[in-house]
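Please open the model in your viewer and keep the selection panel at hand.

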Amino acid sequence: MERVPISKIGTTLFVSIQIDLQDESVVRLQEDLADELAATGARGVIIDITAMEIVDSFIGRMLAMIGSISRLFDAETVLVGMRPAVAITLTELGLSLRGVRTALNAEKGLELLNGRA
Amino acid sequence: MDVDSSQGRMAAYMRDHQDKVVGRWSEIVAAGLRGRSSAAEVRRELDDLYVLVLRAMSGADDQALGELRAALAELSRSRARNGFTPTETALGVFALKDAVYELVADAADLVHEYLVFSRMMDDLGLLTFETYATAREQIIADQAEAMLELSTPVIRLWDGVIAVPLVGTLDSARTQLVMEKLLETLVATGADHAVLDITGVPTVDTEVAQHLLKTVSAARLLGAECIVSGIRPQVAQTIVSLGIEFGDIATKATLADALAHALDRRGQHLAKEGPA
């Protein structure tokens, strides 16, 4: 099973998903992220999915769940770099990812978090 | 008397009177087309067709019938494209029956042959009709596709603000296309606000609203905020009486209002030049 690395930049946790996410990997990511949030007290999480070509309903739901978990640690989650095709698929699946904020790219995601702070 | 030999006799008879029959045939067709094709042009077309008809009837070679059908199909297609009516197109074939009938009316011994010939012409007439209909359907399909392409421009209104003026009814196919173009433009330009202008959408029912909401939520997934503008009074009344909820999506009366709202959200303001 491949693990997704989590890097800390200031008060933000940066997660860049560069692999085709398997179900176990995303569950593992959720656990790792919860541990990391508790340990660092980060205020924001940026999940970069630029490299993801396929997001199914399970992964979509897990991403929304990560957003809800982060909120419990008073951290805001921003999903960045979603491809148009992925956005259309998620909309067709009826997943609007409430609880997760979105931005076009990592830079705008950081702006969004910093604007809040 | 079997069909083949009767066809052969008829073909021989018609070949002997080729000039007369084609002459009369062109006359009837030219009259039916009311001068949209010149007499010489009609004559040339029919001369070629007549030769093919005779070859098909005499049964000398197998390809003749295929060639005849292909020639007729081509003729009907060009007629369909040039805006002739179906009657005018089918007339081209059926008129040959009249022309030949005038010729054989006096010859009582050719009645059976004429009937066989007549049946063949009916078949060919149906073929022209079918080809005509197919050609027209093709034209309609092409036009629909062209309209789809034409009706979905995405415009850059301001730095970071794009607009999609929607014109025409918003069905599933259109929505898909609009969504794809909008999302691609969002990614390409890095815009964070999109205005969906529905001034040109004649009616907004639950289905259209559903499609709009889908587009908005797809854009949101990319991190862009959508504003729906161009809501006309009647449309507003329909939306309310149908109980359609736009939720937290900003709606504005005009594109100008939407642009002002987007700029406001981006923290940009327009100011008049000159002394205050």
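Begin by selecting Ala11(B), which is buried because 20 other C-beta atoms lie within 10 Å; a residue counts as buried if 20 or more other C-beta atoms lie within 10 Å of its own, exposed if 12 or fewer, and partly exposed in between, with C-beta atoms placed from the backbone. The model is a predicted one: local features need pLDDT of at least 70 and side-chain atom pairs count only at pLDDT 80 or more, while totals for chains, interfaces and linings use all residues. Residues are numbered from 1 along each chain as its sequence is written, and chains are lettered from A and ligands numbered from 1 in the order in which they are written.

Ala11(B) lies in helix 1 (residues 3–16) of chain B. Helices (H or I, at least four residues) and strands (E, at least two) are DSSP runs, numbered from the N terminus. Leaving aside residues up to four places away in sequence, Ala11(B) touches Leu54(B), Met57(B) and Ser58(B), where contact requires C-beta atoms, placed from the backbone, within 7 Å.

Next, select helix 4 (residues 63–81) and helix 5 (residues 86–104) of chain B, whose axes come within 9 Å and cross at roughly 155 degrees. Helix 4 of chain B is therefore roughly antiparallel to helix 5 of chain B, a label for angles over 145 degrees. Axes are lines fitted to C-alpha atoms, for helices over the stretch in contact, and angles run from 0 to 180 degrees between N-to-C directions. Display Leu72(B), Leu75(B), Ser76(B), Arg79(B) and Ala80(B) of helix 4, which meet Glu88(B), Thr89(B), Gly92(B) and Val93(B) of helix 5.

Move along chain B to helix 9 (residues 233–242), which is hardly covered: the count of buried residues among its 10 residues is 0. Gly243(B) follows helix 9 of chain B and has a positive phi, near 75 degrees.

Now colour chain A by secondary structure. Chain A holds 4 helices and 5 strands, in the order β-β-α-β-α-β-α-β-α from the N terminus on. Of its 117 residues, 38% count as buried.

Which order do the strands of the open sheet in chain A take? The 5 strands are arranged 1-2-3-4-5, with mixed pairing; two strands pair if DSSP finds at least two bridges between them. Strand 1 (6–9) and strand 5 (101–103) of chain A stand at the edges with a single partner strand each, so one side of each has no neighbour in the sheet. From one strand to the next, the twist averages 25 degrees. Zoom in on strand 4 (residues 76–80) of chain A, which runs parallel to strand 5 of chain A and is joined to it by 3 bridges. Val78(A) has Arg101(A) in strand 5 of chain A as its bridge partner.

Finally, show both chains and select their contact, which takes 16 residues from chain B and 13 residues from chain A. On the side of chain B that touches chain A, helix 7 (172–189) and helix 8 (206–221) of chain B each supply at least two residues. Helix 7 of chain B gives the largest share of that side, 6 residues.

Definitions and conventions:
Angles under 35 degrees count as roughly parallel, over 145 as roughly antiparallel, 65 to 115 as roughly perpendicular and the rest as oblique. Two residues are in contact if their C-beta atoms, placed from the backbone, lie within 7 Å.
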